[in-house]
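Keep the viewer open as you read.

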Amino acid sequence: MANFFTDNDDIQFLFEHMDVRYLAELVEDGFRFADEFDFAPTDADDALDNYRRILTAVGEITADEIAPTAEETDLVGNVLGDDGLVTYAPGIANAIKVLGQADLMGFTLPYRFGGINCPQLVYTMSNEMISRADASLMNIYGLQGIAETINAFASDQIKNDYLPDMASGKHTGAMVLTEPDAGSDLQAVKTQAYQDDQGNWFVRGVKRFITNGCGEILLVLARTEPEITDGRGLSLLLVERDPKVKIRRLENKLGIHGSPTCEIFFDDAPAKLIGERQRGLITYVMSLMNGARIGIAAQSLGIGEAAYRVARDYAHRRKQFDTAIENFPAVRELLVNMSVDVQAARALTYFATFSVDIENAALRKIELGEGAELDAAERKTLKQRARKHKRFNTLLTPMSKYYASEMSMRVSNDSMAVLGGSGYMKDYPVERHLRDSRITTIYEGTSQLQVIAAVRGVASGTAHTIIENLLDRDWPEEIQGLIQQIRDGLAVLDEDVAFVKEQGMEYMDLVARKIVDNAITLLVGALFCDYATAKDQKKAVARRWLADRMPQVHMNHEVIGSGDRQIISDFEILAGPVPVAE
Amino acid sequence: MALNCVVCVKQVPDTKRITGEAMTEEGTVNRRALPAIFNPEDLNALETALTLRAEHGGTVTVVTMGLPSACEVLRDALVRGADRAILITDRRAAASDTLATSYILSCAVKKLEADIVLCGRQAIDGDTAQVGPQLAEKLSLPVISYVEELVGISDGKITAKRNVGNGWEVVTCTLPALLTVMETANTPRPPAARRVMKFKKARAKSEVEAMAADLLEGDYENYTAELKATEVEKYCANLADRGLLIEQWDLDDLEADLTWCGRSGSPTKVHRIQSVVLTGGEYREFAATDDGIAELIGELIHDHTVG
């Protein structure tokens, strides 16, 4: 029996090393649920043991049940019937059934709705394993943020009506945002939502590129205030699958073939309002998207891990010139870079998720009325904690999504380099990983948008604060040299930030990627140094990371400090004219 | 009609993970060298019972005979959905062969008023496939062995499709009855997380006794034997209140005739054990032509590899 949890040293190390105990105490809120639910944990040890068992179960299901179906799922995809119904690939349909039976479809939902109330960090680990088995399944399994959004913002009536079936896996959901003319710019959404004389809501309009749009529970972003043309005129509505919800086509995509991407026509479909009007985009979808971005980071980790393993194994077995190709320096460099890249993305994503958990737990306690007996001082502490981590997460979430998704492309691309011609053929899964990886840098906000979001957090000094917090401790002698390198880099980062702030927004956006890359180098470097205090292998990883990345920090520094704007000023000359169709 | 199902399960060494230390010098299985697992086809039997309960109502009781460590498979059965778990453990049952085992199990099943008794077709350690049918014989129940599909239950009768080696047949018999279930019958459901969280804490009395010093409060080591026993009872009562007590029966509880149990009840004598070592030897090459293939097939038929 294979197991994607127990065979992964890095995930297991992080599970043991990170303070998951603290997260357990947060989400279990003093372990008060044990009185009401006989399965809820009674203390932190109990909760940690649960998490380990749950992750082991996920590891077994993903390795034994799901991974073997990924190739067929990629080949057959989903089918849109004449009746307008979508049939999943058999592997996907079976996986949803099994994951539901295993109680894993309500991973972070409260116990009272059938969930298992796990921290986001544990869910992210599970998401990574799902994606390693079949990246396209993550697009359905990883949509649990929809249920979380309902839980966070909808009325009790809606929660009670919809969440239990989502937790059991009977119903799956979709976040229905994108339209033909509203992609990255969701403020431009045109789909209308209106009320009849009795106050019933209806939705009318076309949505495109909707992942799992054939699901039973659709959260639709629609304009409820026709007179307000920007994001403040948008609300979030729940639409159930209905004859008035017409799936018009399934997209024919490069990768993630198991994930049905639907075009939907809402023909005056009955709807229910989630939360308050006008908060659809600015509050609810932003919250939903932040969770989804961590989800895509986890999906990217799974793809990267899978692609790396194929290459590592192949390079060991494949013999050319009478020796395994892993013995050639060029191949060693590829493999080492891939391995460090995966570990870096995991470090960053898990660190971000940990911080998300802290913010969520504080918000739950303050806003969801789950801590009515809070006194003023406690309330204040929680509010401060929520605010602080919200600030962190506004940086860490896009940073993780950007880095992890780009990593999955790099690593699957390099995996193909290691396999050479064999990797280009369908005989090995690498070409699938490469195709699957490509979407991760696009959806839930492109890399370019993530970088723009992240650079604001670097410019505001948040990145500095986070890195400084990590560095501020006593380090063992042998790691101090590495710490000094990071401190030097931090001084460079501060200098660059001060410089670009003087130069204005346009320049900041122009060099955003370089600034964000530098911040990632330092942040991940600090995380690796922390891990190095607990695990010898991480000492080598930290050294390798800084040796590889610090020269790039200085290179980027030179470019940033040049103030050169030629890309903008000479755009017409450098890019040339727009091609004219013959 | 609600059905009370009793599923007999066994903890076995994972014979798919054979290593060099898998056999003792005496030629018996070295159980310590292999991980202990839920016998695979017993999981199919349990799944059949759980499906029957979902369709007809009733209960699923799981019984195993073995050392207290066999509670591991009982916990797994509870996690997958069983209502009740019973451990039969008794030193006097040691060295039981299939005949003694089926006798002891029959004593347990008699106390449980089963409508349907389910067993896996066979266990992967002994591969005898004898315990199920022998148990039916001792209980005077009709048996449908090698079940691949449950066709249905109506009017106190059960109909099932059974594998007969080179085909299948559909048979009907009256309830109560005993079924032995094959791997092909279904796909066992995975452990459900919420039940994992609950039933990981389930214990049998003998486990509580073994772990008493850790589980019980106070200066346990200095307790008198009597006080220790009282504390264990209290702990077990608490487990029972929470639905977490694995019931434990010994041969006295079963009112078993001891001459039919353990070594004295086991007529099986291992006459000789041969360690077969397969080694490569001669080989022949066949041309990749129609004639070559015909020649290869002829050769395979000739040495009874096929046909």
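Pro176(B) sits in the loop that runs between β9 (168-174) and β10 (177-181) of chain B. Bear in mind that this is a predicted model. The thing to look at here is the peptide bond leading from Leu175(B) into Pro176(B): it's cis, with omega near -5 degrees. Most peptide bonds are trans, and most residues other than glycine have a negative phi.

You'll find Asp268(A) in strand β9 (residues 261-273) of chain A.

Asp322(A) belongs to the loop between β10 (319-320) and β11 (323-324) of chain A. With 5 other C-beta atoms within 10 Å, Asp322(A) is exposed.

Next, the helices. In chain A, helix α11 (residues 329-367) packs against helix α19 (residues 512-532) at an angle of about 90 degrees, and their axes are 10 Å apart. So α11(A) is roughly perpendicular to α19(A). Which residues make the contact? On the α11(A) side they are Ala344(A), Ala347(A), Leu348(A) and Phe351(A), while α19(A) brings Ile520(A), Leu523(A), Val524(A), Leu527(A) and Phe528(A). Sorted by class, that contact between α11(A) and α19(A) has nine nonpolar residues, no polar ones and no charged ones.

Leaving out residues up to four places away in sequence, Leu348(A) touches Ile520(A), Leu523(A) and Val524(A), along with Met399(A), Ser400(A), Tyr403(A) and Ala404(A). Zoom out and Leu348(A) turns up again in the largest nonpolar core, which has 256 residues. Leu348(A) is among the residues with the most contacts inside that core, together with Val516(A), Leu523(A), Val7(B), Ile104(B) and Val117(B). In soluble globular proteins, nonpolar side chains tend to be buried together.

Last stop: residues 52-170 of chain A. An unreviewed UniProt entry annotates this span as "domain: Acyl-CoA dehydrogenase/oxidase N-terminal". In the model, residues 52-170 of chain A are 64% helix and 3% strand, and the end C-alpha atoms lie 25 Å apart.

Terms used
Residues are numbered from 1 along each chain as its sequence is written. Chains are lettered from A and ligands numbered from 1 in the order in which they are written. This is a predicted model: local features need pLDDT of at least 70, side-chain atom pairs count only at pLDDT 80 or more; totals for chains, interfaces and linings use all residues. A nonpolar core is a set of buried Ala, Val, Leu, Ile, Met, Phe, Trp, Tyr and Cys residues joined through C-beta atoms within 7 Å. A residue is buried if 20 or more other C-beta atoms lie within 10 Å of its own, exposed if 12 or fewer, and partly exposed in between; C-beta atoms are placed from the backbone. Two residues are in contact if their C-beta atoms, placed from the backbone, lie within 7 Å. Axes are lines fitted to C-alpha atoms, for helices over the stretch in contact, and angles run from 0 to 180 degrees between N-to-C directions. Helices (H or I, at least four residues) and strands (E, at least two) are DSSP runs, numbered from the N terminus. Angles under 35 degrees count as roughly parallel, over 145 as roughly antiparallel, 65 to 115 as roughly perpendicular and the rest as oblique. Ala, Val, Leu, Ile, Met, Phe, Trp, Tyr, Cys and Pro count as nonpolar, Asp, Glu, Lys and Arg as charged, and the others, Gly among them, as polar. UniProt positions are given in the numbering used here, feature names are shortened, and annotations may be inferred rather than shown by experiment.
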